[in-house]
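Good morning. Please keep the picture in view while I talk.

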Amino acid sequence: MTTASTANAAPARSEQDVLRAQQWALIASLLLKAPDRGALDMLAGLTGDGTALGQAYRVLAETAASADVDAVSREYFEVFVGVGRGELLPYASFYLTGFLNERPLADLRRDLGMMGIARAEGRFEPEDHIASVAEVMAGLAAGEFDASVLGCGAAGEAGFFARHLEPWAAQFFDDLAVTPSARFYRAVAEVGRIFVDIETRAFALEAKAHRASGAGARGL
C-alpha cells in the first residue's frame, strides 16, 4: 500500500532491518501489480547465496530472465484479477473467514488508524490485500512507521505481524505456488513463503528473549 502516515517515524534501523524492509517492499511490489520489463530485468540481476532464501531468489532471477513481460502480465491477471475473480483472493478477510471485508479488515483498519496510516489516493483495494500489508511491514522494518501505539511487542512490529500476516500469509504463498496459472509467480511464492517463515521464527525468538529478560529482571 502506498501509504500516507501522520505517525511519528521510529529512528533508522539496523542494516538487517533495512534489508528486511527491501524484501518486504519487493514482495509487495510483485503482488501489487505485474512487473514491467525494467522490473524483470532488475529481478534477473539478483543473486542468491546458499541459504534456502538465497536459492529462492536465484530461481526468481532465472525465471525473470527468461520471462516474457506480456505473459507475466496475463499470468498476473489470471491469478489475481480474472474475469469476475482471480484464481486467488489475496485478502486476510477471505483467508481467515472465507468472506471478503470481514472482521480482519476492520481490525487492520483500526490498527492502521491508530498508527496514523491512511490508504493513498487512487488505491481502491481493501487494506487487507497482502501487498498492502507487506508494504506496511516494509515501512515498519525501515522505521518509517511506528506500531508501538498498538502495545503489542518490540516497537509493535512483531505484534502487527502476528495480528495481520502470520495467521494466513504462509497459506497464501502455498496456494500461490500451486495456483493453475502460476509460472513466474511460482518463484515469487517460494521467496514469500521462505521469507515469512524466517520472519515468523525471528519474531518468536525475539519474544522468547524478551520474556527471558523480563523473568531474569524479576528474579533480581
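First, a term: pLDDT is the predictor's confidence in each residue, on a scale from 0 to 100. We need it here, as this is a predicted model. Over residues 2-7, pLDDT stays under 50. The model still has 18 contacts for that stretch beyond four places in sequence. Residues 216-220 also stay under 50, but for them the model has zero contacts beyond four places in sequence. As for the chain as a whole, its mean pLDDT is 90, and 90% of its residues reach 70 or more.

Going along the sequence, the order is β-α-α-α-α-α-α-β-α-α-α-α. If we take the contacts with a separation of 6 or more, 71% of them join residues 24 or more positions apart.

The chain has 220 residues, and 43% of them count as buried.

What sits in the largest nonpolar core? It has 55 residues, and those touching the most other members are Leu31, Phe160, Leu176, Phe184 and Tyr185. Helix H10, residues 184-219, gives the most to this core, with 10 residues. Take Leu176 as an example. Beyond its neighbours within four places in sequence, Leu176 is in contact with residues including Leu31, Val79, Phe80 and Tyr185. Leu88, Ala182 and Ala189 are also among its contacts.

Moving to the surface, Phe77, Val81 and Val83 form a nonpolar patch. Together they have about 290 Å² of accessible area. Phe77 lies in helix H4, which covers residues 69-81. Is Phe77 buried or exposed, or something in between? Its relative accessible area is 35%, so Phe77 is partly exposed; the class runs between the buried limit of 20% and the exposed limit of 50%.

Arg109 counts as partly exposed because its relative accessibility is 40%. Which residues does Arg109 contact, leaving aside its neighbours within four places in sequence? They are Arg119 and Glu127. Pro126 is 17 residues from Arg109 along the chain, and their C-alpha atoms are separated by 9.4 Å.

That is the end of the tour. Thank you.

Terms used:
Residues are numbered from 1 along each chain as its sequence is written. This is a predicted model: local features need pLDDT of at least 70, side-chain atom pairs count only at pLDDT 80 or more; totals for chains, interfaces and linings use all residues. Side-chain values use heavy atoms; hydrogens and water are left out. Patches are made of residues with over 30% relative accessible area and no salt bridge: like charges are joined within 9 Å, nonpolar side chains (Val, Leu, Ile, Met, Phe, Trp, Tyr) within 5 Å. Accessible areas come from the Shrake-Rupley method with a 1.4 Å probe; for residues, only the protein chains shown count as cover. A salt bridge is a side-chain nitrogen of Lys or Arg within 4 Å of a carboxyl oxygen of Asp or Glu. Helices (H or I, at least four residues) and strands (E, at least two) are DSSP runs, numbered from the N terminus. Buried means under 20% relative accessible area, exposed over 50%, partly exposed in between (1.4 Å probe, protein chains only). Contact means heavy atoms within 4.5 Å. A nonpolar core is a set of buried Ala, Val, Leu, Ile, Met, Phe, Trp, Tyr and Cys residues joined through side-chain atoms within 4.5 Å.
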